[in-house]
Each structure stands twice: as structure tokens, then as C-alpha cells.
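My notes follow in the order I took them.

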Amino acid sequence: MSKLNWSDEKLISRLMNYKTDKSRWETIRILRSRPSKELFEKCIELINSNEQKKKIIGIDILAQLGKDKRPFRKETLKIYFELLNTETDINILFSILSGISFNDKELNEKQINKICSFQNSNSNLIKQGIVNALGFIENEKAIDVLIKFSKDKANHIRSWATFYIGQVDFDNKNIREALWNRINDKHQETRMEAIIGLAKRKDDRVFEIINQELTKNDFGSMLFEAISETENKDFIPILQQELNESKNIETINPDWIKGLEKCIDDLTKLE
């Protein structure tokens, strides 16, 4: 029998014993698609238990219970922030912060400050959770914390923090400086997120950086996103030349070619 036909009780029972993340998240996604009052209350029961695994299961299901509609969003956030006042387990805290990240449009100033209060943690897991929870929030303190994490030692934390401060519509001198400081980052993805963020802001300094990237033989498709963000048609000739030279090279990834073609098309369509 397909898991889709299993009862909530049976799915939760299986969640306690899964050994692979793939099976675990597949089951959680099924439960999240069943936003009943009974399942919501079952999640609260799991969260109130003394077992780490049960708590995390309850937290993870609630994060997106009801998918886009989220009928229990307000109650879920209340539960999450009450937990942040008492929990010390790193894995539980990560699940809470990750759960908040799916509901961050509803956060108030007090809640944002609570998330920021964990910023001095030495745990990469907690730092990643904070970055997730604060992503896309246009709040000065939240952005300051993301700027702090854009300088973190861990590549994945720097990269995600740089991505969020680059993508947010908010713009100021501190954001641009933080992005510029990552232009020469040793981590390729972090560096490209910085270039995209500056291009999105039409920062004059980024044009030369993009030109330098285009002279390399191994630039990735993230550069196309940056070029599109500049809305500068001056890049079209060099991109067209790159396309003409690349089409006959069999070893080039077809998706890379498609990205290049789309970039040229986007710039061509501009008024």
C-alpha cells in the first residue's frame, strides 16, 4: 500500500524509525499535506515529549503544515518562540529556526530580536538556522546579523548569508560594503552571490568584475544571472561571441548553453 494511503498515526510511527533522510522527509511532506486539527494537536503532543526525536518530528511537520495555506501558522510561530526560550539542544534549536524560516513573513520586531540573540553561538548548525530564519527579512538588525555571518569561517554559512543580503530588496552602504568584501572570496559560490548582489543594485564597480569573469575559460552559469541583473546591453556582443564559439564544443553542458542563450535574450528584450 502506498504511503499516501497510510494513516497519520502510522506515518508518525514510521518516522521514529527511519534511518535515511530521504525516507524521513518524504513522509514529513505527506503529513504536511494533511492540515487537520487532529494532526496539529498530535504535533504539539510530540513537541511536549521529553524525547529529542519526537520533538523534532513535531517541529518539522508544523513548519509547513498545510503547505501554502498554513491554517496553523500563527499558533505554530507561538509554539516555536516559546521553545526558543527554553530549549538548549542544538538539533532541536536548528529545527525550530528552520521551521521559522518557512514562516518568516509573519515575524515582529520582538521575534526577530529573539532569533538574533543566538548569533554568538559557536555551533555551525545554529548559525545556519539563524541565517535561514532571517533570510529575506527587511529589518536592519536582521541584515546586520546576516552581514556578520557573511564573514563566517564556514563556506556554506558565508554563502547563504551573502545570498540573502544580496537578494533582499533593502539597500544601503553596509550591504554594498559587505557584498564587495566577498568579491574575492576563496569560495566560488559565495563570490558569485556577492557579484549577483552588486549587479542587482547596479553598483558601478561590478561591471569590471564581470568583464574579468568573462575572460576566464571556466565561468559558471551564475554569472549569467549577474549579467542579466545589470540590464547592460554592452555585454551582448561578448556573450554572443561566447555562444558562437561554444555551440560546436560537445563537452559543454547543454544547460550552460541554455543559460547563456537566456541571458542574451533577457538583455535583448530590454527597452
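I began with helix α7, residues 109–116, where I found Gln111, Ile112, Ile115 and Cys116 buried (under 20% relative accessible area, 1.4 Å probe, protein chains only). Seen down the axis of α7, these buried residues fall within an arc of 140°, so they line one face of the helix; the arc is taken from the directions from the helix axis to the C-beta atoms. Helices here are DSSP runs (H or I, at least four residues), numbered from the N terminus.

This is a predicted model, in which local features need pLDDT of at least 70 and side-chain atom pairs count only at pLDDT 80 or more, while totals for chains, interfaces and linings use all residues. Residues are numbered from 1 along each chain as its sequence is written, and side-chain values use heavy atoms, without hydrogens and water.

I then listed the packing partners of the buried α7 residues: α5 (73–84), α6 (90–101), α8 (124–134) and α9 (140–149). Contact means heavy atoms within 4.5 Å. At the N-terminal end of α7 I noted a cap by asparagine 108, with a side-chain oxygen 3.2 Å from the backbone nitrogen of lysine 110.

Next I checked glutamine 167, in helix α10 (residues 155–167). Glutamine 167 counts as buried because its relative accessibility is 18%. Leaving out residues up to four places away in sequence, glutamine 167 touches Phe136, Ile196, Lys200 and Glu225.

Last, I looked at α3 (residues 37–47) and α4 (residues 52–63), which pack at an angle of about 145° with axes 7 Å apart. Axes are lines fitted to C-alpha atoms over the stretch in contact, and angles run from 0 to 180 degrees between N-to-C directions.

Terms used: Buried < 20%, exposed > 50% of the residue type's maximum accessible area, 1.4 Å probe, protein only. Helix = DSSP H or I, 4+ residues; strand = E, 2+ residues; numbered from the N terminus. Polar contact = N/O pair within 3.5 Å; in protein donor to acceptor, adjacent residues only side chain to side chain.
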